[in-house]
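Please consult the sequence and the structure while reading.

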Amino acid sequence: KTTTHVRIDTTLPLPQNPCKGCGLVSAKAGCRYSCCRPCCSAQPLSVCAPHNTGAKVADVLLDEAIQYPQGTLDLSYQHLRWCSPRLGDIGLSLPSLNLSNNRLRSIPEELGLLVNVEEFFLQYNLLEQLPESICNLTALAELDCKNNLLKSIPDSIGKLDQLVILNV
């Protein structure tokens with residue numbers, strides 16, 4: 001059996017705010033886990049705005065929703081800056097989609113493939129417009145897109161017969 005010895009250089013100053021994972025470097029300011037990037041990313045289902053790890057969690061949740069459709073996909077509070085076009089791959093079994101409280105600037109056109117979505121929550125993002133394909137969501141009963149940067153909404157949204165609640 002071989003033993004490896006590591007010698008720590010004690011002449012180097014210790015970081016003022018050491019990473020709670022490795023202790024070797026400073027933790028990033030604002031990290032919810034008080035870690036450096038590699039240690040923060042290693043946290044299971046880490047959602048940390050300074051390290052932008054929410055996108056990794058969103059990909060995992062999206063993969064699960066595609067493989068095992070359950071009814072609701074909640075990607076809120078993930079600090080997302082963009083939304084994957086793979087969202088359209090979920091298919092017809094998604095009645096509720098929550099993308100609220102992120103930093104989304106746009107929504108992919110593939111959203112229009114989710115024709116059975118009844119509730120769609122987009123509030124508190126940075127959206128300037130909604131894709132025209134949102135008008136393909138013929139089962140949509142509630143659309144909440146308040147607190148965005150929207151300048152207008154698609155004219156054909158008025159053709160959504162099931163739409164009862166529209167918050168802009």
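Q: In which loop is Tyr77 found?
A: This is a predicted model, in which local features need pLDDT of at least 70, side-chain atom pairs count only at pLDDT 80 or more, and totals for chains, interfaces and linings use all residues. Residues are numbered from 1 along each chain as its sequence is written, and side-chain values use heavy atoms, with hydrogens and water left out. Helices (H or I, at least four residues) and strands (E, at least two) are DSSP runs, numbered from the N terminus. In these terms, the place of Tyr77 is in the loop between E1 and strand E2 (96–98).

Q: Is Tyr77 buried or exposed?
A: Buried means under 20% relative accessible area, exposed means over 50%, and partly exposed lies in between (1.4 Å probe, protein chains only). Tyr77 has a relative accessibility of 55%, so this residue counts as exposed.

Q: What is the phi of Tyr77?
A: Most residues other than glycine have a negative phi. Tyr77 is not a glycine, yet its phi is positive, at about 55 degrees.

Q: Which loop holds Asn147, and what is the phi of this residue?
A: Asn147 is found in the loop between E4 and E5. With a relative accessible area of 44%, Asn147 is partly exposed. Although Asn147 is not a glycine, its phi is positive, at about 55 degrees.

Q: What relative accessibility does Cys145 have?
A: Cys145 is found in the loop between E4 and E5. Cys145 counts as buried because its relative accessibility is 1%.

Q: Which residues are in contact with Cys145, leaving aside its neighbours within four places in sequence?
A: Contact means heavy atoms within 4.5 Å. In space, Cys145 and Phe120 are 8.4 Å apart, C-alpha to C-alpha, and in sequence they are 25 residues apart. With neighbours within four places in sequence left aside, the residues in contact with Cys145 are Leu122, Gln123, Leu130, Leu150, Asn167 and Val168.

Q: How many disulfides does the structure hold?
A: A disulfide is a pair of cysteine sulfur atoms within 2.5 Å. Cys19 is buried, with a relative accessible area of 4%, and Cys83 also counts as buried, at 10% relative accessibility. The number of disulfides in the structure is zero.

Q: With which residues is Ser156 in contact, leaving aside its neighbours within four places in sequence?
A: Ser156 lies in the loop between E4 and E5. Its relative accessible area is 18%, so Ser156 is buried. Beyond its neighbours within four places in sequence, Ser156 is in contact with Glu132 and Cys135.

Q: What is the order of the strands in the open sheet?
A: The chain has two helices and five strands, which follow the pattern α-α-β-β-β-β-β along the sequence. Two strands pair if DSSP finds at least two bridges between them. The open sheet has five strands with parallel pairing, in the order E1-E2-E3-E4-E5.

Q: Which strands stand at the edges of the sheet?
A: An edge strand here has a single partner strand, so one of its sides is left without a neighbour in the sheet. The strands at the edges are E1 (72–74) and E5 (165–167).

Q: Which residue in E5 is the bridge partner of Asp144?
A: Strands of a sheet pair through backbone hydrogen bonds. E4 and E5 pair in the parallel sense over three bridges. In E5, the bridge partner of Asp144 is Asn167.

Q: Which residues are in contact with Leu61, leaving aside its neighbours within four places in sequence?
A: Leu61 is in helix H2 and counts as partly exposed, at 25% relative accessibility. The C-alpha atoms of Leu61 and Leu75 are separated by 7.7 Å, and the two residues are 14 residues apart along the chain. Setting aside neighbours within four places in sequence, Leu61 is in contact with Leu73, Asp74 and Leu75.

Q: Which element of the chain has the highest mean pLDDT?
A: pLDDT is the predictor's confidence in each residue, from 0 to 100. The chain has a mean pLDDT of 83, and 83% of its residues reach 70 or more. Among the elements, helix H2 (residues 54–67) has the lowest mean, 73, while the highest, 97, belongs to strand E4 (residues 142–144).
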